[in-house]
Amino acid sequence: MRYLCLLIGEPDMEDPVPGTPEFMQVLSGYESATRAMAADGVLVDSGPLQPPSAAATLRVRDGRPLVTDGPFAELKEQIGGYYVLDCADLDEALRRAATIPAARYGAIEVRPLMVMPDQA
Amino acid sequence: MTSQTEIVFRREWGRAVAVVTRLTGDLGLAEDAVQEAFAAAVGRWASGPLPSDPSGWLIAVARNHALDRLRREARRSGKEQAAMLLLSQHDPAPPPGRIADDQLRLIFACCHPALDPGTRVALTLRSLCGLTTAEIARSFLVSEATLAQRLVRAKRKIRAAGIPFRVPADDELPGRIGGVLRVVYLVFTEGHQASTGPRIVRGELCDEAIRLARLLARLCPDDAEVLGLLALLLLTDARRDARTSAGGRLVLLGEQDRGSWDRGKIDEGTRVLDRAIRLRRPGPYQLQAAIAACHAAAGEASATDWPGIAALYAALARYEPTPVVHANRAVAVSMAEGPAAGLAILDELREDGQGWRWHLLHACRADLLRRLGRTAEACDAYRTALALDPPPAEREFLTARLAEIDH
(Lines give C-alpha, C1' and ligand atoms only; values in the text may rest on other atoms or scores of the structure.)
Protein backbone atom coordinates (compact mmCIF):
# COMPACT_ATOMS: atom_id res chain seq x y z
CA MET A 1 0.00 0.00 0.00
CA ARG A 2 1.09 3.55 -0.65
CA TYR A 3 1.05 6.18 2.06
CA LEU A 4 1.40 9.94 1.77
CA CYS A 5 3.32 11.36 4.73
CA LEU A 6 2.66 15.08 5.15
CA LEU A 7 5.34 16.86 7.19
CA ILE A 8 3.58 19.44 9.30
CA GLY A 9 5.36 22.15 11.25
CA GLU A 10 3.72 23.10 14.51
CA PRO A 11 3.80 26.80 15.45
CA ASP A 12 4.71 26.22 19.09
CA MET A 13 7.70 24.06 18.13
CA GLU A 14 10.75 26.02 17.03
CA ASP A 15 12.56 24.81 13.95
CA PRO A 16 16.33 24.79 14.22
CA VAL A 17 17.91 27.93 12.75
CA PRO A 18 19.91 27.51 9.50
CA GLY A 19 23.65 27.66 10.09
CA THR A 20 23.52 26.18 13.59
CA PRO A 21 25.00 22.74 14.29
CA GLU A 22 21.51 21.55 15.22
CA PHE A 23 20.22 22.56 11.78
CA MET A 24 23.01 20.60 10.10
CA GLN A 25 22.13 17.63 12.24
CA VAL A 26 18.47 17.77 11.16
CA LEU A 27 19.53 18.09 7.54
CA SER A 28 21.70 15.00 7.72
CA GLY A 29 18.81 13.30 9.57
CA TYR A 30 16.63 13.85 6.49
CA GLU A 31 19.40 12.60 4.22
CA SER A 32 20.01 9.41 6.11
CA ALA A 33 16.27 8.68 6.61
CA THR A 34 15.57 9.22 2.90
CA ARG A 35 18.59 7.18 1.87
CA ALA A 36 17.54 4.27 4.08
CA MET A 37 13.99 4.29 2.73
CA ALA A 38 15.27 4.36 -0.85
CA ALA A 39 17.73 1.53 -0.17
CA ASP A 40 14.91 -0.61 1.31
CA GLY A 41 12.71 0.03 -1.74
CA VAL A 42 10.05 1.82 0.30
CA LEU A 43 10.51 5.35 -1.06
CA VAL A 44 8.30 6.31 -4.02
CA ASP A 45 8.87 10.06 -3.93
CA SER A 46 9.68 12.82 -1.49
CA GLY A 47 10.54 16.47 -1.35
CA PRO A 48 10.42 19.71 0.58
CA LEU A 49 7.82 22.34 -0.29
CA GLN A 50 8.25 26.07 -0.80
CA PRO A 51 6.48 28.12 1.91
CA PRO A 52 2.67 28.57 1.65
CA SER A 53 3.23 32.16 0.50
CA ALA A 54 4.55 30.69 -2.76
CA ALA A 55 1.26 28.88 -3.40
CA ALA A 56 -1.55 29.75 -5.79
CA THR A 57 -5.04 28.29 -5.48
CA LEU A 58 -7.12 27.38 -8.52
CA ARG A 59 -10.84 26.83 -8.89
CA VAL A 60 -12.66 26.20 -12.17
CA ARG A 61 -16.17 27.66 -12.04
CA ASP A 62 -18.53 27.76 -15.00
CA GLY A 63 -15.65 26.53 -17.10
CA ARG A 64 -13.43 29.47 -16.19
CA PRO A 65 -10.29 29.23 -14.08
CA LEU A 66 -10.22 31.44 -10.98
CA VAL A 67 -6.78 31.79 -9.48
CA THR A 68 -6.21 33.33 -6.07
CA ASP A 69 -2.97 34.04 -4.26
CA GLY A 70 -1.79 32.07 -1.29
CA PRO A 71 -2.63 28.62 0.04
CA PHE A 72 -6.11 27.09 0.19
CA ALA A 73 -6.36 27.56 3.95
CA GLU A 74 -4.42 29.89 6.21
CA LEU A 75 -3.36 27.36 8.78
CA LYS A 76 -1.06 27.98 11.67
CA GLU A 77 0.46 24.61 10.91
CA GLN A 78 2.34 24.51 7.63
CA ILE A 79 2.95 21.57 5.38
CA GLY A 80 6.69 21.68 4.75
CA GLY A 81 7.27 18.58 2.67
CA TYR A 82 6.05 15.12 1.83
CA TYR A 83 7.05 11.51 1.37
CA VAL A 84 5.19 8.89 -0.61
CA LEU A 85 6.05 5.46 0.78
CA ASP A 86 5.17 1.99 -0.42
CA CYS A 87 4.74 -0.18 2.67
CA ALA A 88 3.23 -3.51 3.64
CA ASP A 89 0.86 -1.93 6.15
CA LEU A 90 0.18 1.07 8.38
CA ASP A 91 2.57 -0.10 11.09
CA GLU A 92 5.46 -0.18 8.63
CA ALA A 93 4.50 3.28 7.29
CA LEU A 94 4.40 4.64 10.86
CA ARG A 95 7.76 3.05 11.65
CA ARG A 96 9.30 4.61 8.52
CA ALA A 97 7.68 7.99 9.18
CA ALA A 98 9.15 8.01 12.68
CA THR A 99 12.64 8.20 11.14
CA ILE A 100 11.81 11.53 9.42
CA PRO A 101 13.10 14.45 11.56
CA ALA A 102 9.80 16.37 11.09
CA ALA A 103 8.20 13.88 13.48
CA ARG A 104 10.37 15.34 16.26
CA TYR A 105 9.88 19.00 15.31
CA GLY A 106 6.20 18.88 14.40
CA ALA A 107 3.86 16.16 13.23
CA ILE A 108 3.49 13.78 10.33
CA GLU A 109 0.09 12.86 8.95
CA VAL A 110 0.26 9.36 7.49
CA ARG A 111 -2.51 8.90 5.00
CA PRO A 112 -3.13 5.93 2.73
CA LEU A 113 -3.49 6.62 -0.99
CA MET A 114 -6.71 5.25 -2.38
CA VAL A 115 -6.22 2.07 -4.37
CA MET A 116 -8.07 2.26 -7.68
CA PRO A 117 -9.74 -1.03 -8.69
CA ASP A 118 -7.57 -1.54 -11.79
CA GLN A 119 -4.36 -1.14 -9.79
CA ALA A 120 -5.32 -3.71 -7.21
CA MET B 1 -31.59 -20.40 21.06
CA THR B 2 -30.96 -22.96 23.78
CA SER B 3 -28.64 -21.79 26.54
CA GLN B 4 -26.15 -24.53 25.70
CA THR B 5 -25.88 -23.26 22.14
CA GLU B 6 -25.64 -19.72 23.46
CA ILE B 7 -22.65 -20.62 25.61
CA VAL B 8 -20.92 -22.35 22.71
CA PHE B 9 -21.61 -19.33 20.48
CA ARG B 10 -20.19 -16.81 22.94
CA ARG B 11 -17.08 -18.92 23.38
CA GLU B 12 -16.56 -19.72 19.72
CA TRP B 13 -17.35 -16.37 18.11
CA GLY B 14 -14.02 -14.69 18.83
CA ARG B 15 -12.03 -17.79 17.90
CA ALA B 16 -13.77 -18.27 14.56
CA VAL B 17 -13.56 -14.56 13.69
CA ALA B 18 -9.84 -14.52 14.51
CA VAL B 19 -9.07 -17.56 12.34
CA VAL B 20 -11.11 -16.39 9.33
CA THR B 21 -9.65 -12.86 9.64
CA ARG B 22 -6.14 -14.33 9.37
CA LEU B 23 -7.17 -16.27 6.25
CA THR B 24 -8.99 -13.40 4.53
CA GLY B 25 -7.20 -10.34 5.95
CA ASP B 26 -10.64 -8.74 6.21
CA LEU B 27 -12.40 -8.42 9.56
CA GLY B 28 -15.75 -7.36 8.10
CA LEU B 29 -15.85 -10.33 5.73
CA ALA B 30 -14.80 -12.68 8.56
CA GLU B 31 -17.57 -11.47 10.86
CA ASP B 32 -20.20 -11.83 8.14
CA ALA B 33 -19.01 -15.35 7.35
CA VAL B 34 -18.99 -16.42 11.02
CA GLN B 35 -22.45 -14.89 11.44
CA GLU B 36 -23.70 -17.03 8.57
CA ALA B 37 -22.07 -20.13 10.05
CA PHE B 38 -23.78 -19.44 13.37
CA ALA B 39 -27.13 -18.98 11.64
CA ALA B 40 -26.66 -22.36 9.96
CA ALA B 41 -25.72 -23.91 13.30
CA VAL B 42 -28.86 -22.64 15.06
CA GLY B 43 -31.05 -24.63 12.71
CA ARG B 44 -28.93 -27.76 12.79
CA TRP B 45 -27.99 -27.86 16.47
CA ALA B 46 -31.52 -27.10 17.69
CA SER B 47 -32.86 -30.27 16.10
CA GLY B 48 -29.96 -32.57 16.89
CA PRO B 49 -26.94 -33.05 19.13
CA LEU B 50 -23.99 -30.63 19.03
CA PRO B 51 -21.22 -31.79 16.68
CA SER B 52 -18.29 -33.43 18.47
CA ASP B 53 -16.10 -30.45 17.60
CA PRO B 54 -18.38 -27.37 17.46
CA SER B 55 -15.40 -25.05 17.11
CA GLY B 56 -13.97 -26.88 14.10
CA TRP B 57 -17.43 -27.16 12.52
CA LEU B 58 -18.09 -23.41 12.83
CA ILE B 59 -14.68 -22.45 11.48
CA ALA B 60 -15.01 -24.82 8.51
CA VAL B 61 -18.51 -23.53 7.63
CA ALA B 62 -17.40 -19.89 8.06
CA ARG B 63 -14.43 -20.51 5.74
CA ASN B 64 -16.76 -21.85 3.08
CA HIS B 65 -19.05 -18.84 3.40
CA ALA B 66 -16.08 -16.46 3.08
CA LEU B 67 -14.83 -18.34 0.03
CA ASP B 68 -18.29 -18.23 -1.57
CA ARG B 69 -18.53 -14.49 -0.96
CA LEU B 70 -15.15 -13.85 -2.59
CA ARG B 71 -16.06 -16.09 -5.57
CA ARG B 72 -19.32 -14.19 -6.12
CA GLU B 73 -17.53 -10.84 -6.26
CA ALA B 74 -16.70 -10.12 -9.88
CA ARG B 75 -13.73 -7.87 -9.23
CA ARG B 76 -11.04 -9.15 -6.99
CA SER B 77 -7.87 -7.49 -5.82
CA GLY B 78 -4.61 -9.39 -5.56
CA LYS B 79 -5.14 -9.56 -1.82
CA GLU B 80 -8.55 -11.18 -2.24
CA GLN B 81 -7.17 -13.70 -4.69
CA ALA B 82 -4.53 -14.60 -2.13
CA ALA B 83 -7.29 -14.96 0.46
CA MET B 84 -9.23 -17.32 -1.81
CA LEU B 85 -6.18 -19.48 -2.21
CA LEU B 86 -5.72 -19.68 1.56
CA LEU B 87 -9.41 -20.41 2.14
CA SER B 88 -9.60 -23.17 -0.43
CA GLN B 89 -6.49 -24.98 0.78
CA HIS B 90 -7.18 -28.02 2.83
CA ASP B 91 -6.41 -27.04 6.38
CA PRO B 92 -7.52 -29.20 9.28
CA ALA B 93 -9.07 -27.40 12.25
CA PRO B 94 -6.34 -25.15 13.68
CA PRO B 95 -4.83 -26.29 17.01
CA PRO B 96 -5.58 -24.16 20.10
CA GLY B 97 -2.17 -22.47 20.15
CA ARG B 98 -2.65 -21.33 16.58
CA ILE B 99 -6.08 -19.91 17.40
CA ALA B 100 -4.59 -18.01 20.36
CA ASP B 101 -2.04 -16.45 18.00
CA ASP B 102 -4.83 -15.44 15.65
CA GLN B 103 -6.68 -13.82 18.52
CA LEU B 104 -3.57 -11.86 19.54
CA ARG B 105 -3.24 -10.58 15.98
CA LEU B 106 -6.85 -9.50 16.02
CA ILE B 107 -6.63 -7.74 19.37
CA PHE B 108 -3.68 -5.62 18.23
CA ALA B 109 -5.70 -4.57 15.17
CA CYS B 110 -8.85 -3.80 17.21
CA CYS B 111 -6.81 -1.76 19.73
CA HIS B 112 -4.70 0.07 17.12
CA PRO B 113 -3.92 3.66 18.13
CA ALA B 114 -5.07 4.88 14.69
CA LEU B 115 -8.65 3.95 15.71
CA ASP B 116 -10.89 6.14 17.84
CA PRO B 117 -10.33 5.13 21.52
CA GLY B 118 -14.00 4.54 22.36
CA THR B 119 -14.48 2.41 19.28
CA ARG B 120 -11.48 0.21 20.17
CA VAL B 121 -13.36 -1.16 23.20
CA ALA B 122 -16.56 -1.65 21.20
CA LEU B 123 -14.70 -3.39 18.39
CA THR B 124 -12.94 -5.72 20.84
CA LEU B 125 -16.23 -6.57 22.53
CA ARG B 126 -17.78 -7.36 19.16
CA SER B 127 -14.95 -9.12 17.34
CA LEU B 128 -13.16 -10.93 20.14
CA CYS B 129 -15.77 -11.30 22.87
CA GLY B 130 -18.80 -11.98 20.68
CA LEU B 131 -21.14 -9.44 22.25
CA THR B 132 -23.97 -8.40 19.98
CA THR B 133 -24.19 -4.85 18.66
CA ALA B 134 -27.33 -4.36 20.78
CA GLU B 135 -25.53 -5.44 23.98
CA ILE B 136 -22.56 -3.14 23.32
CA ALA B 137 -24.86 -0.24 22.42
CA ARG B 138 -26.64 -0.68 25.76
CA SER B 139 -23.43 -0.53 27.75
CA PHE B 140 -22.22 2.54 25.82
CA LEU B 141 -25.61 4.24 26.25
CA VAL B 142 -25.97 4.87 22.51
CA SER B 143 -28.53 3.63 20.01
CA GLU B 144 -27.85 0.35 18.27
CA ALA B 145 -27.79 2.13 14.89
CA THR B 146 -25.14 4.59 16.11
CA LEU B 147 -22.95 1.83 17.46
CA ALA B 148 -23.36 -0.31 14.35
CA GLN B 149 -22.30 2.70 12.27
CA ARG B 150 -19.19 3.22 14.44
CA LEU B 151 -18.19 -0.42 14.06
CA VAL B 152 -18.67 -0.31 10.30
CA ARG B 153 -16.52 2.82 10.10
CA ALA B 154 -13.79 1.27 12.24
CA LYS B 155 -13.68 -1.88 10.11
CA ARG B 156 -13.58 0.26 6.98
CA LYS B 157 -10.65 2.19 8.43
CA ILE B 158 -8.76 -1.00 9.28
CA ARG B 159 -9.10 -1.98 5.64
CA ALA B 160 -8.49 1.44 4.07
CA ALA B 161 -5.53 2.43 6.23
CA GLY B 162 -3.88 -0.98 6.05
CA ILE B 163 -3.97 -1.59 9.81
CA PRO B 164 -2.25 -4.99 10.00
CA PHE B 165 -3.52 -8.14 11.71
CA ARG B 166 -0.15 -8.72 13.24
CA VAL B 167 1.47 -8.71 16.65
CA PRO B 168 3.86 -5.72 16.63
CA ALA B 169 7.59 -6.45 16.44
CA ASP B 170 9.51 -6.62 19.73
CA ASP B 171 10.77 -3.03 19.48
CA GLU B 172 7.25 -1.69 18.77
CA LEU B 173 5.50 -3.78 21.37
CA PRO B 174 6.23 -1.57 24.42
CA GLY B 175 4.61 1.40 22.68
CA ARG B 176 1.52 -0.56 21.74
CA ILE B 177 0.83 -2.82 24.69
CA GLY B 178 -0.44 -0.04 26.99
CA GLY B 179 -3.41 0.71 24.72
CA VAL B 180 -4.31 -2.99 24.53
CA LEU B 181 -4.14 -3.39 28.33
CA ARG B 182 -6.48 -0.42 28.69
CA VAL B 183 -9.07 -2.03 26.41
CA VAL B 184 -8.87 -5.37 28.25
CA TYR B 185 -9.24 -3.50 31.56
CA LEU B 186 -12.35 -1.70 30.27
CA VAL B 187 -13.87 -4.98 29.03
CA PHE B 188 -13.39 -6.40 32.53
CA THR B 189 -14.79 -3.30 34.23
CA GLU B 190 -17.85 -3.46 32.01
CA GLY B 191 -18.38 -7.02 33.21
CA HIS B 192 -17.53 -6.46 36.86
CA GLN B 193 -19.57 -3.30 37.20
CA ALA B 194 -22.17 -3.62 34.49
CA SER B 195 -23.41 -0.11 33.82
CA THR B 196 -26.67 -1.39 32.41
CA GLY B 197 -28.88 -4.41 32.59
CA PRO B 198 -30.43 -6.10 35.57
CA ARG B 199 -27.29 -7.98 36.61
CA ILE B 200 -24.51 -6.45 38.72
CA VAL B 201 -21.84 -8.73 37.29
CA ARG B 202 -21.72 -9.91 33.69
CA GLY B 203 -19.46 -12.85 34.28
CA GLU B 204 -18.92 -13.70 30.62
CA LEU B 205 -17.21 -10.32 30.08
CA CYS B 206 -14.94 -10.91 33.10
CA ASP B 207 -14.05 -14.34 31.71
CA GLU B 208 -13.26 -12.88 28.30
CA ALA B 209 -11.08 -10.12 29.76
CA ILE B 210 -9.13 -12.65 31.84
CA ARG B 211 -8.69 -14.88 28.80
CA LEU B 212 -7.33 -11.96 26.77
CA ALA B 213 -5.05 -10.89 29.66
CA ARG B 214 -3.66 -14.46 29.83
CA LEU B 215 -2.90 -14.36 26.10
CA LEU B 216 -1.05 -11.06 26.57
CA ALA B 217 0.86 -12.37 29.60
CA ARG B 218 2.01 -15.34 27.54
CA LEU B 219 3.14 -12.92 24.80
CA CYS B 220 4.92 -10.53 27.21
CA PRO B 221 6.01 -12.63 30.23
CA ASP B 222 8.56 -9.97 31.28
CA ASP B 223 6.29 -6.94 31.11
CA ALA B 224 5.45 -6.04 34.72
CA GLU B 225 2.26 -4.15 33.86
CA VAL B 226 0.90 -6.96 31.67
CA LEU B 227 1.34 -9.32 34.63
CA GLY B 228 -0.05 -6.61 36.92
CA LEU B 229 -3.24 -6.43 34.86
CA LEU B 230 -3.71 -10.21 34.83
CA ALA B 231 -3.17 -10.31 38.61
CA LEU B 232 -5.63 -7.45 39.12
CA LEU B 233 -8.33 -9.15 37.07
CA LEU B 234 -7.87 -12.52 38.81
CA LEU B 235 -7.84 -11.04 42.32
CA THR B 236 -10.90 -8.89 41.63
CA ASP B 237 -12.82 -11.62 39.86
CA ALA B 238 -12.21 -13.96 42.79
CA ARG B 239 -14.90 -11.97 44.61
CA ARG B 240 -17.44 -12.26 41.78
CA ASP B 241 -19.92 -14.63 43.44
CA ALA B 242 -19.72 -12.82 46.77
CA ARG B 243 -20.60 -9.46 45.20
CA THR B 244 -24.21 -10.37 44.51
CA SER B 245 -26.68 -11.61 47.11
CA ALA B 246 -29.09 -14.46 46.43
CA GLY B 247 -31.70 -11.80 45.68
CA GLY B 248 -29.43 -10.16 43.07
CA ARG B 249 -28.40 -7.26 45.32
CA LEU B 250 -24.96 -5.67 45.47
CA VAL B 251 -22.95 -6.83 48.50
CA LEU B 252 -20.14 -4.48 49.55
CA LEU B 253 -16.65 -5.77 50.22
CA GLY B 254 -16.92 -5.43 54.01
CA GLU B 255 -20.09 -7.52 54.12
CA GLN B 256 -19.12 -10.23 51.66
CA ASP B 257 -18.93 -13.89 52.65
CA ARG B 258 -15.17 -14.34 52.31
CA GLY B 259 -15.60 -18.10 52.33
CA SER B 260 -17.16 -17.86 48.88
CA TRP B 261 -14.15 -16.07 47.39
CA ASP B 262 -12.45 -18.14 44.74
CA ARG B 263 -9.22 -19.38 46.37
CA GLY B 264 -7.83 -20.68 43.09
CA LYS B 265 -8.04 -17.25 41.48
CA ILE B 266 -6.62 -15.55 44.58
CA ASP B 267 -3.63 -17.91 44.65
CA GLU B 268 -2.96 -17.52 40.95
CA GLY B 269 -3.40 -13.73 41.09
CA THR B 270 -1.02 -13.47 44.04
CA ARG B 271 1.60 -15.58 42.27
CA VAL B 272 1.35 -13.49 39.10
CA LEU B 273 1.60 -10.27 41.13
CA ASP B 274 4.72 -11.55 42.94
CA ARG B 275 6.31 -12.26 39.56
CA ALA B 276 5.40 -8.73 38.37
CA ILE B 277 6.80 -7.04 41.48
CA ARG B 278 10.10 -8.92 41.16
CA LEU B 279 10.59 -7.21 37.77
CA ARG B 280 10.87 -3.91 39.69
CA ARG B 281 9.00 -1.74 37.23
CA PRO B 282 6.00 -0.46 39.18
CA GLY B 283 2.87 0.82 37.49
CA PRO B 284 -0.84 1.49 38.04
CA TYR B 285 -2.07 -2.05 37.28
CA GLN B 286 0.38 -3.57 39.75
CA LEU B 287 -0.67 -1.05 42.40
CA GLN B 288 -4.34 -1.87 41.89
CA ALA B 289 -3.53 -5.58 41.99
CA ALA B 290 -1.59 -5.04 45.23
CA ILE B 291 -4.67 -3.34 46.72
CA ALA B 292 -6.86 -6.27 45.65
CA ALA B 293 -4.27 -8.64 47.15
CA CYS B 294 -4.46 -6.79 50.51
CA HIS B 295 -8.21 -7.41 50.58
CA ALA B 296 -7.77 -11.02 49.53
CA ALA B 297 -5.24 -11.61 52.32
CA ALA B 298 -7.67 -10.51 55.02
CA GLY B 299 -9.57 -13.51 56.39
CA GLU B 300 -12.20 -11.18 57.78
CA ALA B 301 -13.03 -7.56 57.00
CA SER B 302 -11.74 -6.33 60.36
CA ALA B 303 -8.29 -7.79 59.61
CA THR B 304 -7.83 -5.59 56.50
CA ASP B 305 -4.55 -3.68 56.29
CA TRP B 306 -6.17 -0.26 55.71
CA PRO B 307 -3.04 1.86 56.31
CA GLY B 308 -1.26 -0.27 53.67
CA ILE B 309 -4.18 0.13 51.23
CA ALA B 310 -4.31 3.90 51.85
CA ALA B 311 -0.58 4.14 51.02
CA LEU B 312 -1.11 2.11 47.80
CA TYR B 313 -3.96 4.42 46.74
CA ALA B 314 -1.77 7.45 47.43
CA ALA B 315 0.88 5.93 45.11
CA LEU B 316 -1.81 5.14 42.52
CA ALA B 317 -3.08 8.73 42.64
CA ARG B 318 0.33 9.85 41.36
CA TYR B 319 -0.26 7.83 38.16
CA GLU B 320 -3.99 8.40 37.93
CA PRO B 321 -5.20 11.49 39.79
CA THR B 322 -8.85 10.70 38.99
CA PRO B 323 -11.92 11.20 41.20
CA VAL B 324 -12.31 7.40 41.37
CA VAL B 325 -8.85 6.93 42.84
CA HIS B 326 -9.21 9.84 45.25
CA ALA B 327 -12.58 8.53 46.43
CA ASN B 328 -11.11 5.09 47.05
CA ARG B 329 -8.19 6.64 48.90
CA ALA B 330 -10.69 8.57 51.04
CA VAL B 331 -12.45 5.32 51.97
CA ALA B 332 -9.16 3.62 52.85
CA VAL B 333 -8.03 6.60 54.94
CA SER B 334 -11.39 6.68 56.72
CA MET B 335 -10.94 3.01 57.64
CA ALA B 336 -7.38 3.61 58.85
CA GLU B 337 -7.80 6.95 60.61
CA GLY B 338 -11.54 7.47 60.98
CA PRO B 339 -14.37 8.90 58.83
CA ALA B 340 -13.40 12.55 59.43
CA ALA B 341 -9.99 12.10 57.73
CA GLY B 342 -11.66 10.41 54.74
CA LEU B 343 -14.29 13.14 54.49
CA ALA B 344 -11.56 15.79 54.38
CA ILE B 345 -10.12 14.15 51.22
CA LEU B 346 -13.54 14.04 49.54
CA ASP B 347 -14.25 17.66 50.40
CA GLU B 348 -10.96 18.67 48.78
CA LEU B 349 -12.35 17.19 45.56
CA ARG B 350 -15.33 19.52 45.78
CA GLU B 351 -12.89 22.44 45.42
CA ASP B 352 -11.86 21.53 41.88
CA GLY B 353 -15.34 20.25 40.99
CA GLN B 354 -13.88 17.20 39.24
CA GLY B 355 -16.02 14.13 39.67
CA TRP B 356 -18.65 16.02 41.61
CA ARG B 357 -21.32 14.73 39.23
CA TRP B 358 -20.31 11.13 39.87
CA HIS B 359 -22.84 9.20 41.99
CA LEU B 360 -20.32 6.99 43.82
CA LEU B 361 -18.50 10.00 45.22
CA HIS B 362 -21.69 11.16 46.91
CA ALA B 363 -22.58 7.63 47.99
CA CYS B 364 -19.17 7.44 49.62
CA ARG B 365 -19.57 10.87 51.23
CA ALA B 366 -23.01 9.87 52.51
CA ASP B 367 -21.54 6.79 54.17
CA LEU B 368 -18.82 8.78 55.94
CA LEU B 369 -21.33 11.41 57.14
CA ARG B 370 -23.57 8.62 58.42
CA ARG B 371 -20.70 7.14 60.40
CA LEU B 372 -19.93 10.56 61.85
CA GLY B 373 -23.55 10.79 63.02
CA ARG B 374 -24.23 13.77 60.75
CA THR B 375 -27.54 12.22 59.69
CA ALA B 376 -29.20 15.17 57.97
CA GLU B 377 -26.14 15.80 55.77
CA ALA B 378 -25.86 12.07 55.10
CA CYS B 379 -29.49 11.97 53.89
CA ASP B 380 -28.78 14.91 51.56
CA ALA B 381 -25.71 13.14 50.15
CA TYR B 382 -27.69 9.91 49.54
CA ARG B 383 -30.35 11.94 47.72
CA THR B 384 -27.68 13.68 45.62
CA ALA B 385 -26.20 10.28 44.69
CA LEU B 386 -29.65 8.97 43.73
CA ALA B 387 -30.32 12.06 41.62
CA LEU B 388 -27.17 11.32 39.57
CA ASP B 389 -28.69 8.23 37.96
CA PRO B 390 -26.84 5.26 39.47
CA PRO B 391 -27.25 1.81 37.83
CA PRO B 392 -30.30 -0.16 39.10
CA ALA B 393 -28.51 -2.38 41.63
CA GLU B 394 -26.71 0.55 43.23
CA ARG B 395 -29.91 2.61 43.23
CA GLU B 396 -31.59 -0.09 45.24
CA PHE B 397 -28.69 -0.22 47.69
CA LEU B 398 -28.63 3.56 48.18
CA THR B 399 -32.40 3.75 48.60
CA ALA B 400 -32.23 1.10 51.32
CA ARG B 401 -29.42 2.91 53.15
CA LEU B 402 -31.33 6.19 52.98
CA ALA B 403 -34.48 4.56 54.35
CA GLU B 404 -32.48 3.17 57.30
CA ILE B 405 -31.42 6.58 58.55
CA ASP B 406 -34.08 8.95 57.23
CA HIS B 407 -36.70 9.31 59.94
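Predicted model: local features only at pLDDT ≥ 70, side-chain atom pairs only at ≥ 80, totals over all residues.
Helices, of at least four residues, and strands, of at least two, are runs in the DSSP assignment, numbered from the N terminus.

**Chain B as a whole**

Along the principal axes, the C-alpha atoms of chain B fill a box of roughly 75 × 45 × 40 Å.

Next, colour chain B by burial. Of its 407 residues, 40% are buried. Consider also the contacts between residues of chain B at least 6 apart in sequence: 60% of them join residues at least 24 apart.

**Where the chains meet**

Now show both chains and select the residues in contact between them. Chain B contributes twelve residues and chain A contributes eight. On the side of chain B that touches chain A, six residues are nonpolar, three are polar and three are charged.

**Two loop residues**

In chain A, select D62(A), which is found in the loop between β3 (56-61) and β4 (64-69). Its phi is positive, about 50°, although D62(A) is not a glycine. Because D62(A) has 5 other C-beta atoms within 10 Å, it counts as exposed, the cut-off being 12 or fewer.

Finally, return to chain B and select R280(B), in the loop between α12 (263-278) and α13 (284-297). R280(B) is a residue other than glycine with a positive phi, near 55°. With 7 other C-beta atoms within 10 Å, R280(B) is exposed.

Key. Residues numbered from 1 in each chain as written. Chains lettered and ligands numbered in written order. Buried ≥ 20, exposed ≤ 12 C-beta atoms within 10 Å, placed from the backbone. Contact = placed C-beta atoms within 7 Å. Nonpolar A, V, L, I, M, F, W, Y, C, P; charged D, E, K, R; others polar.
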